[in-house]
Amino acid sequence: VKAPDIFVAIKDEKGKWQKPEAIEGELNSEYEEGACAFTPDYKTMYLTRCTMDGEAPRPAQIYKSSRSDASWSAPELCDIMKDSITSVAHPAVSPDGKWLYFVSDMAGGMGGLDLWRAELIADGFGSIENLGAPINTQGNEMFPTFRPNGELYYSSDGHQGMGGLDLYCATPTDEGSWIVTNLMAPMNSAGDDFGMTFEGLYNRGYFSTNRGDVRGWDHIMSFECPEIIQTVKGWVYEKDGY
């Protein structure tokens, strides 16, 4: 069985998806690749790769690739953790490009898989922080992604949700904390809902779910939250009454 690779699908002028093709460049290998994220300038990609040691799987690790024209370079291992027995996966870059958020089961977490972040510095990675409560729980928190306004979207099975993995939005506060909100139905279901991503600045995008599939297979679904447009009419006066 061929290991999963990263693919690209493009819409034509009529909005119809074309046949998926393996991404150009040297990203894909004989191992498993997936869960990728981009820096704000789209020149660097972080991705998850799962390798093998003989026939035994090794913990997931995050790699980095650079873009040249339409192709991506061979990925280089990100030395976030100094050991090789800790799983590090599902990268997401903060909107200001200063932090790499990721999922890990490293010691010091709140239980299961937690969301962490590592400071991006010139020669690699700086301090590492657990995001703590209310984002993390004793369950599993996975698949982080950002919107440009700073909202963090992720999936968790540790909060009281609708079943399986649910999608959540974490909004940063002025005090440095987070307000966590369950996206509820129809975004969430009794199955697993995860891997949310947005289409640029629009209130639409895609996510993965196994809802409605008796075999538990995952599918990609699209979503859209209609934009609210308001028109205001009136007079505007300057200081001197003009």
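Five salt bridges are counted in the protein chain, a salt bridge being a side-chain nitrogen of Lys or Arg within 4 Å of a carboxyl oxygen of Asp or Glu. Side chains of opposite charge can pair when their charged atoms come close. The structure is a predicted model, in which local features need pLDDT of at least 70 and side-chain atom pairs count only at pLDDT 80 or more, while totals for chains, interfaces and linings use all residues. Residues are numbered from 1 along each chain as its sequence is written, and side-chain values use heavy atoms, with hydrogens and water left out.

**Salt bridges**

- One of the salt bridges joins Arg 117 and Glu 129, with 2.9 Å from N to O. Arg 117 belongs to strand β12 (residues 114–121) and Glu 129 to strand β13 (residues 124–130), so the pair ties together parts that are 12 residues apart in sequence.
- Glu 129 has 30% relative accessibility and counts as partly exposed. The classes are buried (under 20% relative accessible area), exposed (over 50%) and partly exposed (in between), with a 1.4 Å probe and protein chains only.
- Arg 204 and Glu 199 form another salt bridge, at 3.2 Å from N to O. Arg 204 is partly exposed at 27% relative accessibility, and Glu 199 is partly exposed with a relative accessible area of 28%.
- Arg 215 and Asp 213 also meet in a salt bridge, at 3.4 Å from N to O. Arg 215 is exposed at 56% relative accessibility, whereas Asp 213 is buried at 12%.

**Charge**

- The protein chain carries 19 positive and 37 negative side chains; Lys and Arg count as positive, Asp and Glu as negative, and His and the chain ends are not counted.
- The centres of the two sets lie 7 Å apart, each charge being placed at NZ of Lys, CZ of Arg, CG of Asp or CD of Glu.

**Secondary structure and extent**

- The protein chain has 20 strands and zero helices. Both are DSSP runs numbered from the N terminus: helices are H or I with at least four residues, and strands are E with at least two.
- The C-alpha trace spans about 80 × 45 × 45 Å along its principal axes.

**Burial, contacts and surface**

- Of the 242 residues in the protein chain, 37% are buried.
- Among contacts (heavy atoms within 4.5 Å) with a separation of 6 or more, 36% involve residues 24 or more positions apart.
- The accessible surface of the protein chain is about 15,100 Å², and 52% of this surface belongs to carbon and sulfur atoms. Accessible areas come from the Shrake-Rupley method with a 1.4 Å probe; for residues, only the protein chains shown count as cover.
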